[in-house]
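I opened my notebook to look this structure up piece by piece. Here is what I wanted to see first.

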Amino acid sequence: MTQITACIDGSPGAIAVCDAAAWVSAQLQTPLTLLHVLEKAGQNGTDLSGSIGLGSREHLLQQLTELDAERARLAMEHSRIMLDAARERAQNNGAVEPKISQRHGRLSEEVLPLAEDSRVLVMGRQGMDHPDPAVATLGSQLETVLRSVACPVLITTGVSFRKPTRFMLAYDGSEAVERVIETYADSSLLNGVECHLVMVNHTGAEQVAKFEAAQARLEKSGFTVVPRQCEGDVLSILNDYQFRHQIDLIVMGAYGHSRIRQFFVGSHTRNMVSHSKVPLLLLR
Amino acid sequence: MLNTIKREWFSNIRGDLLAGTVVALALIPEAIAFSIIAGVDPKVGLYASFCIAVIIAFVGGRPGMISAATGAMSLLMVTLVKEHGLEYLLAASLLCGVIQIGAGYLKLGDLMRFVSRSVVTGFVNALAILIFMAQLPELTNVTWHVYAMTAAGLGIIYLFPYVPKVGSWLPSPLVCILTITAVAMIWGIDVRTVADMGELPDTLPIFLWPDVPLTLETLWIILPYSLALAAVGLLESMMTSTIVDELTDTDSNKNRECKGQGVANIGSSLLGGMAGCAMIGQSIINVKSGGRGRLSTFVAGFFLLIMVVFLDEWIGQIPMAALVAVMIMVSIGTFSWESITNLKKHPLSTNIVMLATVSVVVATHNLALGVLVGVLLASLFFANKIGRFMVVKSEENEPGERTYKVVGQVFFASSDAFNKSFDFREAVNKVTIDLTHAHFWDITSVSALDKVVIKFRREGAEVELIGLNEASATIVDRFGVHDKPEEVEKMMAGH
């Protein structure tokens with residue numbers, strides 16, 4: 001657990017990722033690594049002549065290799081320029097010792113070894129395949145990454161990121177949320193950020209007692225806590241609350257249920273991530 | 001999971017559709033030609049190509065590789081069809097599929113690492129030669145029309161791609177077949193056509209259990225064929241997948257491919273098709289035309305069937321000469337011409353392995369035998385080389401005392417040399433054999449050491465062995481520890 005990893009690519013949302021990562025790095029005083037994974041573009045040239053002649057295989061191999069080599073060389077150069085710019089930006093925003101790293105392959109595979117050694121992983125909600133970051137969709141690799149890494153993940157939305165001043169924690173009394181509270185109560189990551197503890201649709205006395213205990217736990221660690229209980233449709237209430245109280249970070253546990261349940265019931269996490277207007281901090 | 005499906009099937013839709021269509025067009029003449037080699041109706045090969053391509057698209061381990069009825073497999077079936085008929089071929093194909101699935105579960109795909117580069121080259125060259133030789137019957141005792149048509153066909157295939165624009169958009173083998181067929185039909189030239197070779201498919205394939213008696217006798221008839229088919233099919237598939245891996249710079253799952261080939265062959269045999277495997281030439285055409293995903297294989301099989309079922313009247317009119325031209329192109333394209341120029345560069349042992357593989361195949365028409373011979377020869381040459389990694393140094397410490405230092409690899413190939421390096425005639429009181437820098441790999445080497453010790457004792461010398469335990473640690477079968485480099489290092493350094 002010695003670094004912060006941020007996944008940068010050429011999409012408009014990369015700036016937000018870079019700024020968010022710089023903030024995390026400064027809050028935790030932990031070195032930042034900016035990662036760009038060079039994904040291989042689809043296919044190379046088409047020749048539909050359908051004939052194979054003398055040494056076709058060797059010829060084709062040579063041709064494909066040359067095309068790939070040229071493309072990879074350009075992509076690496078481009079990526080290097082992009083990463084250097086991101087490093088400078090992060091440095092100016094107070095990140096600790098920003099480093100850069102380039103890998104070939106798929107993001108969802110290459111990020112894993114880095115994530116193992118990371119305190120927080122920062123990535124954007126969508127990558128290059130979704131040109132407009134304001135549209136609420138999930139990138140194709142985000143969920144795979146969320147499910148396979150063990151460290152907390154900060155997901156940025158849109159094209160910009162500002163330092164959070166108020167974060168919202170949706171409390172449902174589950175083990176997952178208790179673990180979230182335990183994790184962040186003693187961490188310096190959310191230092192100085194006001195906590196809005198929101199409980200939806202839990203009115204039993206036992207639940208309320210647990211809610212108050214959670215509030216006390218957070219206050220003991222020095223958080224300013226604004227408690228709130230309400231009823232209604234979870235997703236719309238949380239989104240509404242976020243909007244009205246100018247919450248600029250949502251903190252939550254992620255994927256409490258199995259993939260099978262998610263297939264039938266759908267996933268809160270998925271809904272929250274795809275509809276949120278502000279960055280989310282997820283803990284597995 | 002969903003991501004994998006999306007990547008393997010739909011990441012390259014346009015390229016896969018186009019390439020699949022090109023491959024389907026190229027598959028038709030080949031499937032017909034291979035059926036004729038095997039001695040069955042063209043529809044058997046066409047149904048097989050459809051089934052295998054479509055099934056392997058789902059269950060194979062190498063996206064973008066084309067599997068269908070192949071020459072290597074048809075050559076193995078000839079005698080079975082001649083002596084027992086089509087139904088036994090279907091039964092043999094079914095059993096072949098079962099064996100291949102078993103091989104997949106036993107992870108025999110990993111055995112491909114024992115097949116050296118020169119054996120692969122030999123296999124490919126032998127295959128090309130066999131495909132070419134299989135065309136010769138069509139070119140003997142025929143009128144000059146056939147020669148003219150074949151020559152014109154080859155001309156079209158190789159020159160058409162140079163025509164600007166159209167050249168790179170229309171598959172030249174298709175142009176060749178269309179032109180030659182048109183010429184033959186317009187002038188009414190009387191040459192042999194595909195329709196003369198047997199029945200063409202006029203319906204979609206239907207499910208059929210092979211009509212053979214389920215007895216032990218049947219099993220003994222088909223088993224040798226099934227084993228040979230399974231072995232050759234897997235070999236060619238593994239080699240082709242290595243080639244596609246290399247061309248596309250991606251990885252494949254070899255054991256899944258083994259099981260997939262088995263499932264595809266079972267499916268093919270139950271729908272009235274013969275056994276098949278991956279095709280080197282077609283897979284290269286697919287990659288060249290821009291095919292990368294599973295969709296390309298599926299499209300190839302699917303279009304093949306559609307075209308064949310609806311165009312059967314027309315396909316029957318194709319002169320055999322046009323098919324022969326296409327097959328000659330395939331054999332030329334499959335042959336590794338580089339290997340001929342490499343003969344001068346490569347060491348003699350490598351060349352012998354390659355040439356032995358080729359000659360055994362051409363002599364027996366069995367690719368499995370050729371590969372077996374090639375692999376055996378390659379291993380012997382290797383053992384011989386490693387056997388030379390052994391020296392015994394001897395020095396006299398003081399009068400009547402001698403130390404032998406053994407350095408290197410002692411095993412069956414070097415134990416003779418090991419024995420000979422000791423001087424038993426010398427009259428000494430004490431002999432020290434220092435094995436600190438030696439490795440004993442097998443029982444032969446240990447018994448050789450025993451003999452040496454006994455001989456010295458008989459001459460009246462006292463023998464002391466140093467470092468025997470460490471030197472013989474390598475006798476155990478599973479000694480190597482790939483994932484613990486420090487262990488290997490310790491073992492290989494002088495203990």
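My entries below go from whole chains to single residues.

**Entry 1: the two chains**

I noted at the start that this is a predicted model. I began with chain A. I counted nine helices and ten strands in chain A. Its C-alpha atoms fill a box of roughly 80 × 45 × 30 Å along the principal axes. Chain A has 284 residues, and 41% of them count as buried. I then looked at contacts in chain A with a separation of 6 or more. Residues 24 or more positions apart account for 83% of those.

Chain B came next. I found 21 helices and six strands in chain B. The box for the C-alpha atoms of chain B is roughly 100 × 50 × 50 Å. Of the 495 residues of chain B, 49% count as buried. For contacts in chain B between residues at least 6 apart in sequence, 84% join residues at least 24 apart.

**Entry 2: where the chains touch**

How many residues of chain A are in contact with chain B? I found 21 residues of chain A in contact with 35 residues of chain B. Helix 2 of chain A, residues 56-92, gives the largest share of the chain A side, with seven residues. I sorted that chain A side by type: six residues are nonpolar, eleven are polar and four are charged.

**Entry 3: domains**

I looked up the domains of chain A. Domain 1 takes in 3-40 + 74-156, and domain 2 runs over 166-283. Their C-alpha centres lie 24 Å apart. The contact between them takes 15 residues from domain 1 of chain A and 14 residues from domain 2 of chain A. On the domain 1 side, the elements that give two or more residues are helix 1 (14-28), helix 4 (142-148) and strand 5 (153-156) of chain A. That domain 1 side holds ten nonpolar, three polar and two charged residues.

**Entry 4: helix 5 of chain A**

Which residues of helix 5 of chain A are buried? In this helix, residues 175-185, I listed A:Val177, A:Val180, A:Ile181 and A:Tyr184. Seen down the axis of helix 5 of chain A, the buried residues fall within an arc of 95°, so they line one face of the helix. I recalled the general rule: an α-helix has 3.6 residues a turn, so residues three or four places apart point the same way. The buried residues of helix 5 of chain A pack against strand 6 (166-171), helix 6 (205-220), strand 9 (249-253) and strand 10 (280-283) of chain A.

**Entry 5: helix 4 of chain B**

I checked the length of helix 4 of chain B, residues 71-84. At 1.5 Å a residue, its 14 residues should span 20 Å, and the end C-alpha atoms are 20 Å apart, which agrees. I also found a kink of about 40° in helix 4 of chain B, centred on B:Met77. B:Met77 is one of the buried residues of this helix; B:Gly71, B:Ala72 and B:Leu80 are also among them. The cover over these buried residues includes helix 2 (13-38), helix 9 (216-248) and helix 17 (367-387) of chain B. After the helix comes B:Gly85, with a positive phi near 95°.

**Entry 6: a buried alanine**

I picked B:Ala68, in strand 1 (residues 67-68) of chain B. Is B:Ala68 buried or exposed? It is buried, because 32 other C-beta atoms lie within 10 Å, and 20 or more is enough for that label. Leaving out residues up to four places away in sequence, B:Ala68 touches B:Leu27, B:Ile52, B:Gly276 and B:Met279, among others. B:Gly45 is 23 residues from B:Ala68 in sequence and 8.4 Å from it in space, C-alpha to C-alpha.

**Entry 7: two positive phi values**

Most residues other than glycine have a negative phi. I looked up two with a positive value. A:Glu97 has phi near 35°. A:Glu97 sits in strand 3 (residues 96-104) of chain A, and counts as partly exposed with 13 C-beta neighbours inside 10 Å. B:Lys107 has phi near 60°. B:Lys107 lies in the loop between helix 5 and helix 6 of chain B. B:Lys107 is exposed, with 11 other C-beta atoms within 10 Å.

Technical notes. Residues are numbered from 1 along each chain as its sequence is written. Chains are lettered from A and ligands numbered from 1 in the order in which they are written. This is a predicted model: local features need pLDDT of at least 70, side-chain atom pairs count only at pLDDT 80 or more; totals for chains, interfaces and linings use all residues. Helices (H or I, at least four residues) and strands (E, at least two) are DSSP runs, numbered from the N terminus. The expected span of a helix is 1.5 Å times one less than its number of residues. The bend at a residue is the angle between axes fitted to the seven residues ending there and the seven starting there. A residue is buried if 20 or more other C-beta atoms lie within 10 Å of its own, exposed if 12 or fewer, and partly exposed in between; C-beta atoms are placed from the backbone. Two residues are in contact if their C-beta atoms, placed from the backbone, lie within 7 Å. The arc is that of the directions from the helix axis to the C-beta atoms. Ala, Val, Leu, Ile, Met, Phe, Trp, Tyr, Cys and Pro count as nonpolar, Asp, Glu, Lys and Arg as charged, and the others, Gly among them, as polar. Domain bounds come from an automatic or database domain assignment.
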